[in-house]
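Dear colleague,

I am handing over the structure below, and after it come my notes on what was found. Please read them with the structure open beside you.

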Amino acid sequence: ERDQRLIAAQVTALPRQQSGVVDLYAIGVAGDGSQDVFRNEADYFAILMSQRFHARGVLTLVSHPDSLGAKPKPLASYDNLHDAVAGVARRMNRREDILLLYLTMHGTAEHQLALYFPPLIDDVLVPDDLARILDRAGIRNRVIVLSACYSGGFIRRLAGDGTLLMTAARSDRPSFGCGDDSTATFFGRAWLAEGLNRNTDFVEAFRHAEGRIREWE
């Protein structure tokens, strides 16, 4: 109930789309609350989208102890992700505007993204789950970015017309930079912090990230 109220308040505060203008709406999801690195990345994503990309609206779902403190945020659960995407869809022009969905968390070789914040959340997000959420929302233009190990396993299910999909790793490989001492994942550092501050083109920023991550690995 707490999270439902928070999401409803965030959605209500979103500016409605501007007719004849392609607006950007962004949702950042930090799915694993066991480490600070994912929280850091989602927070930076929100700032970048607001200040550099002038997104029409930004929501974040962050599983972290800080989200239960003085500045509360909705946690990253399946239901909350569904409600956030559906809420944004109601505020935007679903045929004209763009949704940028950024998810950062641990991933498994079985192509599951960890939604983990015990004792409140212990779940996984699989490709069918994410596809179902997006399809129900009816958003035509999607940029989906997955910063997680083995996240390439989501490509086949999510790819399609109107979708730009970027992942931090192939379906059979881990990604790096998500240790306890990391301030950002390798992908978050290379694509968000470096690539998108050099170039506002998402694909060009990804090409930059590919080269940088290859060097670091």
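Asp-66 is placed in the loop between β2 and α3, where helices (H or I, at least four residues) and strands (E, at least two) are DSSP runs numbered from the N terminus. With a relative accessibility of 44%, Asp-66 counts as partly exposed; buried means under 20% relative accessible area, exposed over 50%, and partly exposed in between, with a 1.4 Å probe and protein chains only. Not counting residues up to four places away in sequence, Asp-66 touches Arg-39 and Lys-71, contact being heavy atoms within 4.5 Å. With Arg-39 there is also a polar contact between the two side chains, at 2.4 Å; a polar contact is a pair of N or O atoms within 3.5 Å, and within protein one must be able to donate a hydrogen and the other to accept it, while residues adjacent in sequence count only if both atoms are side-chain atoms. The C-alpha atoms of Asp-66 and Gly-33 are separated by 9.6 Å, although these residues are 33 residues apart along the chain.

Please bear in mind that this is a predicted model, in which local features need pLDDT of at least 70 and side-chain atom pairs count only at pLDDT 80 or more, whereas totals for chains, interfaces and linings use all residues. Residues are numbered from 1 along each chain as its sequence is written, and side-chain values use heavy atoms, with hydrogens and water left out.

Two other loop residues deserve a description. Ser-77 lies in the loop between β2 and α3, and it counts as buried at 15% relative accessibility. Its side chain reaches the backbone nitrogen of Asn-80 at 3.1 Å, and, leaving aside neighbours within four places in sequence, Ser-77 is in contact with Leu-115 and Ile-121. Gln-35, found in the loop between β1 (24-30) and α2 (36-51), counts as buried at 10% relative accessibility. The side chains of Gln-35 and His-106 are joined by a polar contact of 2.4 Å; with neighbours within four places in sequence left aside, the residues in contact with Gln-35 are His-64, His-106, Cys-178, Gly-179 and Asp-180.

Some backbone details may also be worth checking by eye. Pro-118 and Pro-119 are joined by a cis peptide bond, with omega about 0°, and Pro-119 has its place in the loop between β4 (113-117) and β5 (121-125). His-111, in the loop between β3 (98-104) and β4, has a positive phi of about 65° although it is not a glycine, and at 23% relative accessibility it counts as partly exposed. Tyr-150, which lies in the loop between β6 (141-147) and α5 (155-158), is likewise not a glycine and has a positive phi of about 60°.

Turning to the helices, the twelve residues of α1 (residues 2-13) should span 16 Å at 1.5 Å a residue, and the end C-alpha atoms are 17 Å apart, which agrees; the expected span is 1.5 Å times one less than the number of residues. The buried residues of α1 are Asp-3, Leu-6, Ile-7 and Val-11. Seen down the axis of α1, these buried residues fall within an arc of 130°, so they line one face of the helix, the arc being that of the directions from the helix axis to the C-beta atoms. The face turned away from this buried side carries the exposed residues Arg-5, Thr-12 and Ala-13, while the cover over the buried residues of α1 includes β2 (57-62) and α3 (78-91).

Helix α6 has 13 residues and reaches 17 Å from its first C-alpha to its last, close to the 18 Å expected. Among its buried residues are Phe-187, Trp-191 and Leu-196, and what covers the buried residues of α6 includes α2, β3, β6, β7 (163-167) and α7.

Finally, the aromatic rings: a search of the whole structure finds eight aromatic pairs, where rings of Phe, Tyr and Trp (its six-membered ring) pair if their centres lie within 6.5 Å, with planes under 30 degrees apart counted as stacked, over 60 as edge-to-face and the rest as tilted. The rings of Phe-186 and Trp-216 have their centres 5.5 Å apart and their planes at 65°, so this pair is edge-to-face. Phe-186 lies in α6 (residues 186-198) and Trp-216 in α7 (residues 202-216), so the pair ties together parts that are 30 residues apart in sequence.
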